[in-house]
Structure formats: structure tokens, C-alpha cells
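Colleague: I would like to learn how to read pockets and interfaces in a model. Can we work through one?

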Amino acid sequence: MEQTALKIQNLGIGYTSRVVAQHINFTLIPGELCAIVGVNGIGKSTLLRSIAGLQPHLKGTVEIRQKPFEKQAVSERAKEIALVLTEPPATRNLTVRELITLGRQPHTNWWGTLTKADTTKIRESMALFSLEELASRKCFELSDGQLQRVLIARAMAQDTPIILLDEPTTHLDLSHKVEIFKRLQQLAHVHHKTILFTTHEIDLAIQLCDKMLILDGKENPFAAPCELIEKGCFESLFPSELVTFDAATGSFKLKK
Amino acid sequence: MVSYRFRFLVLVFILLAAWMLNVSLGSVAIPLQATLSSLFGQPLEQASWEYIITQYRLPKALTAILVGGGLSLSGLLMQTLFRNPLAGPFVLGISSGASLGAALLLMGSALLGQLIFCDFSLVVAASVGSFLVLLVVLLVANQVRDTMTLLIIGLMFGSITAAIVSVLAYFSNAEQLQRFIFWSYGSVGSLSWHQNSILGGLVLVGIVLSVVSIKSLNALLLGEHYAQSLGVSLKRSKLLIIIATGLLAGSITAFAGPIAFVGLAVPHLTRQLFSTMEHKVLIPAVFLYGAVLMLLCDAIAQLPTAAQVLPINAITSLVGAPVVIWLLVRKRKMLF
């Protein structure tokens with residue numbers, strides 16, 4: 001049996017005062033690209049944050065590369081999971097290189113000394129996302145699409161087997177959306193990263209992802225996109241009086 | 001790091017020059033030559049000059065360096081910690097907290113019963129006051145994510161303390177009031193060598209804690225969530241940074257009075273010179289820059305050759321406030 005990268009069993013997430021989502025089950029192996037879809041407020045971001053350890057779990061188990069979540073220290077987990085959030089970096093006064101360099105923190109000593117391996121990784125990540133020319137630009141000078149590339153490159157520099165991304169394509173136009181998705185697919189298939197991201201671009205995700213998790217507040221089905229289409233899981237995603245799902249093309253249509 | 005070596009050299013040189021200037025100027029005109037030879041340990045022709053230099057001007061210059069550098073460093077820490085370019089010991093109400101502590105001690109002692117006055121009761125009172133306010137601000141900062149709200153809350157703290165202080169002032173006698181007013185003007189000239197060594201020790205602890213926190217400070221530039229995902233233990237590193245900030249701002253305000261604008265303005269001025277956010281560069285640079293600025297402000301406040309001394313607080317505000325306005329106008333939005 002192949003090793004699992006991420007194993008989630010019967011996970012319940014949210015706050016002590018309010019359960020956001022529960023009965024979440026899925027397993028990912030190295031090199032898989034997986035999208036989490038669902039309506040606004042269903043708990044997509046909360047799920048990512050819970051897996052990353054930014055929020056406590058209410059119940060269930062999370063295993064990161066066969067290791068129970070609870071047995072990992074924060075510093076250890078930083079070598080397993082890299083994160084790209086919707087919130088912009090707190091300061092935009094960092095240069096691109098400085099920001100990507102921060103990705104090496106889990107691997108450096110207390111003083112943050114960069115070894116040769118660190119600088120190589122930083123250079124590779126920048127090259128992978130064609131950021132060499134932007135290296136000394138400040139983040140506030142970048143466009144949204146460029147900033148997103150920088151943030152993903154930072155996660156890449158962190159050199160973790162798993163990367164979690166929260167809505168990596170919001171605020172981007174179609175071509176940049178596709179570009180980011182293509183790069184994520186490349187990271188998964190060529191670099192064998194396990195990539196889990198939330199998105200509202202369901203039709204693009206259907207075309208690109210290996211697996212998809214639909215958060216619907218009930219069953220939370222998880223499978224390959226075509227299986228989910230066959231089962232008709234997408235039809236019930238949105239109110240049927242507004243949009244319908246066309247199984248033949250794998251896209252949503254407005255109801256006229 | 002290497003590319004900033006030259007700038008650091010220049011800054012150290014300027015610091016030495018500012019120190020020389022500060023020591024050689026004062027209400028009693030002492031020739032530069034005499035000052036120099038005194039510094040190199042040669043006996044002076046006039047014993048009073050020697051006394052003025054070793055017992056008054058040198059400790060004053062040291063205090064100025066500690067106060068300017070320490071306040072600027074605490075401002076840098078606060079700006080990173082609160083992700084807010086306008087954060088500083090004065091804006092966030094830390095100085096107001098110290099004022100309140102000092103006011104309660106100096107003017108409220110009639111209400112609290114006669115406290116034993118010693119040299120350090122004022123220091124302790126002001127430090128406790130600033131630490132308490134820092135803790136409250138931190139609690140509030142965890143509740144509100146919005147940076148503007150935090151600043152307004154800091155301002156409100158300032159108003160509350162001002163109100164309490166004026167009530168206390170109303171009920172206190174002229175002598176108590178005078179003591180408090182003089183403390184609130186700020187001064188770097190009233191510390192003995194002994195007090196200087198205590199302040200220096202506290203500032204040193206603050207610097208050490210900041211240096212230990214460099215890695216987490218850098219991670220916090222991305223925001224708390226990102227810092228956590230990079231393996232930073234938030235609780236521990238935030239606590240360290242807060243203790244460092246409180247030690248620096250609290251002890252300095254206690255010894256030298258509430259000194260405005262240095263903590264807020266110097267980190268921004270430094271970033272004009274060192275275009276980086278890396279704390280390994282910024283921490284020493286900000287300290288040096290702040291020390292230089294304070295030495296110069298103090299030299300102005302001494303009104304060379306005149307007998308009067310201007311309140312240092314007025315000078316730093318006159319220098320600092322236009323700088324902040326200029327930064328806001330020129331850069332449109334201030335970045336930290």
C-alpha cells in the first residue's frame with residue numbers, strides 16, 4: 001500500500017461555541033492535487049486552518065504522513081505543511097527575495113543563518129515561478145497575480161511534502177487563474193507535493209484536480225472529479241432554481 | 001548583510017560625532033580642546049570643568065544614547081508586533097501608563113497614605129504603569145484585528161490618564177505638582193552614574209531579548225498565522241517581545257520621563273536609510289539612529305551657552321511630528 005500524505009478521519013471543525021463542519025473524511029497520497037469546494041461559509045478555510053494547526057480540532061483525527069497530529073510540535077509541523085492564506089502578508093514592505101527567504105525559517109538555526117542548501121532552495125523556488133527579475137522588488141509594487149506567485153514560491157521554498165492554499169486564485173483574471181492552477185498541478189505531478197486548496201472555480205478544478213472534496217454540510221463526498229459527476233454530487237451544491245450542473249461539460253449553467 | 005556594512009560604519013561615525021558635540025556643548029562654555037583632553041584622561045586646568053564633564057555631561061550623554069536607542073528599538077518591536085506602522089510607546093498609551101504611575105506616586109501619595117520616597121519608587125511606579133497599559137493594549141489587540149481601532153484605543157488611554165492626572169493635579173499642592181510637571185517634560189540630564197548603570201542594565205536586557213526574538217520578529221512580518229505555520233511558537237515569542245518592549249519603554253520613561261515621537265519616528269527614518277525589513281539589520285540600525293537623534297535633540301535642548309534648559313519632550317515633538325507628517329504625505333500610506 002502506498003504511503004498516505006494526509007489522512008483525515010471523522011474530523012469536526014469550528015469553535016467551541018459553534019460547530020462549522022463535521023464528518024469530514026479523506027485521504028491523500030503524495031503527488032495528488034485536491035480541491036475543496038462548497039458554498040461560502042461552509043467551512044473550507046476553517047478546514048485548511050484546522051489541518052495547518054491554526055485552529056483546534058473539535059473531534060476526529062488528522063494524520064500527517066502517518067504521524068498523529070497531536071504528536072507533532074509546531075516546529076516539526078512547519079517542515080511538513082506549508083501554507084498560503086487569503087490574507088496578504090502583514091507588511092508589504094518586504095522584497096520578493098526577503099519574503100521567499102522567510103520560507104526557510106523552519107530549517108535554519110536560531111539566528112536564521114542561511115546555508116548553501118537554503119540559498120539553493122530559494123533560488124530554485126524563484127526560478128520555478130519565474131520571479132528572478134522581481135527579486136528585489138517590494139511586495140507593494142507587485143500585481144495581485146505576481147504577489148500570489150510569490151506567496152506560493154515561499155511555500156515551495158519551505159520545502160514541505162504538503163502545501164495548503166486558501167483560495168489561491170481570488171482577485172485574478174481568467175488567464176492568471178489558469179496559470180496558477182497549472183503551476184499547482186505541476187508542483188503536484190512533477191515535484192510530488194500533496195496539494196490541497198480551496199476554490200470557487202469548480203469547473204477549472206474539475207478539469208485539473210486528481211481528487212475533490214465537496215463540503216455540503218452532510219456527507220462531504222470525496223472522490224475523483226468524474227466519479228463525483230457520475231454520482232451527481234455537484235447538482236445539489238447550489239440552489240437548483242439559480243444554476244444547474246451540466247454533467248456532459250462539467251460546468252455550471254445559469255437557469256434562464 | 002555585507003552591503004550595509006558601509007552604512008553602519010557611517011552611522012557609528014555620526015554617533016561618535018554627535019556624542020562629541022553633545023559633550024562639548026552646554027550652559028558653561030568649555031573649549032573643545034579641554035573637553036577632548038578630559039575625555040582622554042588628562043587633568044584640566046579648571047577643576048570645575050572636569051567635574052562638569054565627568055559628573056554631568058558624560059552621564060547625560062550616556063542617558064541620551066540609552067533613551068534614544070532604547071525607545072526607538074521598542075518602537076520597532078511594537079510596529080512589528082502590532083503590524084502597525086503608527087505603533088510606538090507614545091501612541092499606544094505606554095507612556096501614558098507610565099505617567100499615570102508617576103502621577104499616582106507623586107501627587108496621589110496624599111490619598112494613598114505617605115509612601116516612603118526613595119530614588120526608585122518613581123521608577124517602579126512608572127514601570128508598573130507602563131506594563132499594565134501594555135498588557136491591556138495587548139488584550140484589546142487580540143480582540144480587534146483592525147489596526148486603526150488599536151490606535152484609537154491607545155489615544156483613549158492617553159485621554160483617560162490625562163483626565164486622572166488632571167484630577168490628581170487639582171487636589172495636590174504646588175510642590176507635588178511641580179515635581180510631576182518636571183518629570184513629564186522629560187529629561188536625560190538628571191541621572192547619576194549609578195542610575196545610569198541600572199537603566200543601562202535594563203536596556204541591555206531589552207536588547208538581548210530583542211536579539212533572541214529576531215527570527216520570530218521576521219516571521220511576524222508575514223502575520224501571525226504565517227508565523228505559526230513557519231514553526232514560531234506564538235505565545236512564547238510574543239511574550240518575549242512584549243517583555244522586551246515593556247522593559248525598554250517602561251524603564252526609559254520611568255527614568256527620563258515620557259519622551260514623545262522618538263519611538264514612532266526613528267524606525268521609519270531608519271528604513272529610509274536601510275531599505276530592508278530584516279531585523280538583524282534593523283535592530284542595530286534603529287538603536288544607533290535613535291541614539292544619534294537623541295544626542296542632537298539634547299544638544300539643542302541644552303541651549304548652548306545659555307543657563308536655561310528646554311524640555312526635551314518639546315524638542316523631540318518638534319522634530320518627530322513633522323517627520324511623521326512628511327512620511328505620511330510623501331509615501332501616501334505608511335508601510336512598516
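Colleague: Which helices each supply at least two residues of the lining of the largest pocket?

Modeller: Bear in mind that this is a predicted model. Here is the general idea. Rolling a probe the size of a water molecule over the atoms shows where empty space is left. In this case, chain A supplies helix H3 (96-102) and helix H4 (116-128).

Colleague: What is the volume of the largest pocket?

Modeller: About 750 Å³. It is lined by 30 residues, and the closest to its centre are Arg97(A), Glu98(A), Thr101(A), Leu114(A) and Glu278(B). The lining has 12 nonpolar, 10 polar and 8 charged residues.

Colleague: And which residues are closest to the centre of the second largest pocket?

Modeller: That pocket has a volume of about 630 Å³. Phe182(B), Trp183(B), Ser187(B), Ser190(B) and Phe255(B) are the closest, out of 32 lining residues. H8(B) gives the most to the lining, with 4 residues. By class, the lining divides into 20 nonpolar, 8 polar and 4 charged.

Colleague: Now the interface. How much area do chain A and chain B bury between them?

Modeller: The size of an interface is often given as the accessible area lost when the parts come together. Here the two chains bury about 2,500 Å², with 61% of it on carbon and sulfur atoms. In chain A, Ala90(A), Gln105(A) and Trp111(A) lose the most area to chain B, together 23% of what that side buries.

Colleague: How many salt bridges are found across the interface of chain A and chain B?

Modeller: The rule finds 0. Polar contacts between the chains number 14 residue pairs, both residues at pLDDT 80 or more.

Methods: Residues numbered from 1 in each chain as written. Chains lettered and ligands numbered in written order. Predicted model: local features only at pLDDT ≥ 70, side-chain atom pairs only at ≥ 80, totals over all residues. Heavy atoms only, no water. 1 Å grid on protein atoms, 1.4 Å probe; cavity = no way out; pocket = protein on both sides within 12 Å on 5 of 7 lines; lining within 4 Å. Points joined across faces, edges and corners; volume = space filled by probe spheres on them. Nonpolar A, V, L, I, M, F, W, Y, C, P; charged D, E, K, R; others polar. Buried area = accessible area lost by both parts, 1.4 Å probe. Salt bridge = Lys/Arg side-chain N within 4 Å of Asp/Glu carboxyl O. Polar contact = N/O pair within 3.5 Å; in protein donor to acceptor, adjacent residues only side chain to side chain.
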